[in-house]
Amino acid sequence: MKALAFAEHGGLDKLRYQDVADPKIGDGDVLVRVRAAALNHLDLFVREGLPGLTLPMPFWTGCDIAGDVAEVGAAVRDVKVGERVAVNPNLYDGRCEYCLRGEHSLCVRYGILGEHTHGGLAEYVKVEARHVIRLPEAIRYEDAAAFVLVNMTAWRMLVTQARLRAGEDLLILGVGGGVSSTAVQIGKLCGARVWVTSSSDEKLERARALGADECINYAKQDWVKVIGEKTGRRGVDVVLENVGAATWKGAIRTVAKGGRIVTCGATSGPIAETDIRLVFWKQLSIIGSTMSNDAEFNAVMGQLFAGRLRAIVDTVMPLREGVEAQRRLAEGKQFGKIVLTS
Amino acid sequence: MASDLYDLGDKPPLGEVPKHMYAFAVRQNRFGQPRDAWKREVLPTPTIGPDEVLVYVMASGINYNNVWAALGQPLDVIAERLKMGEPEDFHAGGSDCSGIVWATGKDVKNVKVGDEVIVHSGWWRPDDPWVLSGKDPMLAESTRIWGYQTNYGSYCQFARAQGHQCIAKPKKLTWEAAGCFLLCASTAYRMLMGWEPHTVEAGDVVLVWGATGGLGSLALEIIRAQGGRAVAVVSDDAKKKFCMEHAAVGVINRSQFDHWGVMPDTKDGKAYGNWAKGARAFGKAIWDALGERTSPRIVFEHPGEATLPTSEFVCATGGMIVICAGTTGYNVTLDLRYHWMRQKRFQGSHLSNDQQALAVTKLVDAGKVDPCLSQTYRFDELPECHQLMLDNKHPYGNMAVLVNAPRTGLGAS
């Protein structure tokens, strides 16, 4: 089959649309004919190489996947060949103390399909049968693929971790990213007033179209000051933070007493200088979050299927043009997801 | 005929309030070393509002906040109050007490004159909309620490408090034991039991920094009462015995490590490597102290700057670091990678609400939490007690001073 693969870690020059061996499925697996796979920064990080991550070469990434079931293992009963599905990319052992309480993304052996095993930037992918979810007729492959990873992440951050409530103020820093942009619509679904920042007026307009109430261009205005003034110095209840070092101090200042800052990444650097007086005087919760458990995955997919949330697609390109697609992602020009089809 | 001023321990008839009283106070021109800043004075006895009570103080606890009040730093509490329109140009502090209700305002329903009480130090405006809406008052705009940010605390013969602050005194405790513990205990209780889902459950491992202090010792006691397992951290071997007596399952002497303070730049490979080596060795020391490879689900923090990067590192996946102070400094570097990959939580906590103060007092009343009274002092030794605290020479646990109680050992029944 064809895959967007690399034989060694490195830059875009290592990536090639090439022939690789077909995956072989086990008794409990299904083989999915990939119709659409969306890109994430994770695809770039893995290609460049992550400390401690040793992969079977050639390797191909891709953790946001939708397609058709092409083959099922001997022990699989409830999935049938020909069904349209999306893939839950969680990999976990199902036995550790965290799995036993349903906290799959805390699993001591946690991994992500497409990061730790061969992924969906290929014509076929092997998936455990319990990790495919049937797509309703109305849901397109491109939308399903674009939806999965960022929404399971943002849903856990806002609904489970930050416990966002109707009437609260939610601030999303750097609204161009995949998690941040979809967080706008999840915030609205929760009934919050949503504040967003970006250095691009165009991205702010896109966020407004998704329902953002207050848009601040941080290149033109001091966002901490604006929020302070507009909330009567109270601040916001919840901050969704994945910028890190560059915005951290502002986030701590901007969040209200008893507020929550939930973080899933740090695109500007992970070392966060924190004045802890503000943490204990304001009794803040600073919560780390990654991916989601299966229940959260199912819950957020349900929102897509019911039409209450939608996929945010930047561009759709053929898989064979994947090098260009990854270049676009690396340059940060997109708003929403870049989807590759095959 | 009623006297204008009674000697300490010389009781006026129940309910009769003299015009003046003895109190220890700080004035702005005395800001500095606690032994000089705190002076015994004769002050007018305060009048009370409809929601307030006057408590005839039997014994008072000593807390670090009134070391700050003496220093005038980091906050000049007198200037703050003058700015808000209060008339007094002195600070008569004290945030922990046992005593007898001597007068009540017309709206006070939960206590009456003659009741023996202890007083918790959460103070808020009764008309604060946040409080009226039923939300946690410790997050209200008007919330203050009684006897630090408010005047006429427990270093007065008659302390002024809000009715809701009063809790029935645990009957088995002497005045000094009842008066010494609640600020630390309620703060520790909120930290350990107030932040769902990260509350101490049976078998949980909790790392407690500064375990021989007032706060740390009460944390050890509360963890035991909840069935948790405390690993205590101290700064010298002499303190180990105290921790084991207060139910720690293991003790670590942190002076055997040297990676404390601000975490080095992750790009400086050598410095960061040394730091990580120290943090890993400390994590192993926790396992050794426990006798198993389990990392703490809750880390009980108050040193702050010196220890927080290590706390973040050793906290279990999905666990919580909870903090209420920064006694070694306030500037902390967090490595967010541990935070999100291991889905940890960093939680600020401050004092407690009525429910939490009551809950921990019940544990004391039931004999499940020891108030950790260290030593009892005379009223006139009060400045020296604060000096001991500033110089870090105070005895392990919580100090008490007698106010109207004539000697130690009274008040228990």
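In this predicted model, strand E1 (residues 20-27) of chain B runs antiparallel to E2(B), and six bridges join the two strands. Within this pair, Met21(B) is placed opposite Leu43(B) of E2(B). The pair belongs to an open sheet of three strands in chain B, ordered E2-E1-E4, with antiparallel pairing. Strand E2 (39-44) and strand E4 (90-91) of chain B form the edges of that sheet, each pairing on one side only.

**Confidence of the model**

- The model has an ipTM of 0.85 and a pTM of 0.91.
- For chain B the mean pLDDT is 96, and 100% of the residues of chain B reach 70 or more.

**Overall form of chain B**

- Chain B contains 13 helices and 19 strands.
- Chain B is as compact as a globular protein of its length, because its radius of gyration of 22 Å is close to the 22 Å that the globule rule gives for 413 residues.
- The C-alpha trace of chain B extends over about 75 × 45 × 45 Å along its principal axes.
- Buried residues make up 54% of the 413 residues of chain B.
- Of the contacts in chain B between residues at least 6 apart in sequence, 70% link residues at least 24 apart.

**Domains of chain B**

- Chain B is assigned two segments as domain 1 (20-181 + 371-402), while domain 2 covers 185-348.
- The centres of domain 1 and domain 2 of chain B, taken over C-alpha atoms, are 30 Å apart.
- Six residues from domain 1 of chain B and 10 residues from domain 2 of chain B take part in the contact between these domains.
- On the side of domain 1 of chain B that touches domain 2 of chain B, three residues are nonpolar, three are polar and none is charged.

**Domains of chain A**

- The assignment for chain A gives domain 1 (2-135 + 312-341) and domain 2 (152-288).
- A distance of 29 Å separates the C-alpha centres of domain 1 and domain 2 of chain A.
- The contact between these domains of chain A draws six residues from domain 1 and six residues from domain 2.
- The side of domain 1 of chain A that touches domain 2 of chain A comprises two nonpolar residues, three polar residues and one charged residue.

**Helix H7 of chain A**

- Helix H7 of chain A spans residues 245-254, and its buried residues are Thr247(A), Trp248(A), Gly250(A), Ala251(A), Ile252(A) and Thr254(A).
- Among the elements of chain A against which the buried residues of H7(A) pack are the strands E10 (169-172), E13 (236-241), E14 (255-263) and E15 (271-275).
- The buried residues of H7(A) also pack against helix H6 (223-230) and helix H8 (276-281) of chain A.

**Contact between chain A and chain B**

- Chain A and chain B each give 30 residues to the contact.
- On the side of chain A that touches chain B, the elements giving two or more residues are E14, E15, H8 and strand E16 (285-288) of chain A.
- By class, the residues on that side of chain A are 14 nonpolar, 10 polar and six charged.
- E15(A) pairs with strand E16 (residues 331-335) of chain B in the antiparallel sense, over five bridges.
- Thr274(A) lies opposite Val332(B), a residue of E16(B).

Terms used
Residues are numbered from 1 along each chain as its sequence is written. Chains are lettered from A and ligands numbered from 1 in the order in which they are written. This is a predicted model: local features need pLDDT of at least 70, side-chain atom pairs count only at pLDDT 80 or more; totals for chains, interfaces and linings use all residues. Helices (H or I, at least four residues) and strands (E, at least two) are DSSP runs, numbered from the N terminus. The radius of gyration is taken over C-alpha atoms; the globule rule is 2.2 Å times the number of residues to the power 0.38. A residue is buried if 20 or more other C-beta atoms lie within 10 Å of its own, exposed if 12 or fewer, and partly exposed in between; C-beta atoms are placed from the backbone. Two residues are in contact if their C-beta atoms, placed from the backbone, lie within 7 Å. pLDDT is the predictor's confidence in each residue, from 0 to 100. Ala, Val, Leu, Ile, Met, Phe, Trp, Tyr, Cys and Pro count as nonpolar, Asp, Glu, Lys and Arg as charged, and the others, Gly among them, as polar. Two strands pair if DSSP finds at least two bridges between them. Domain bounds come from an automatic or database domain assignment.
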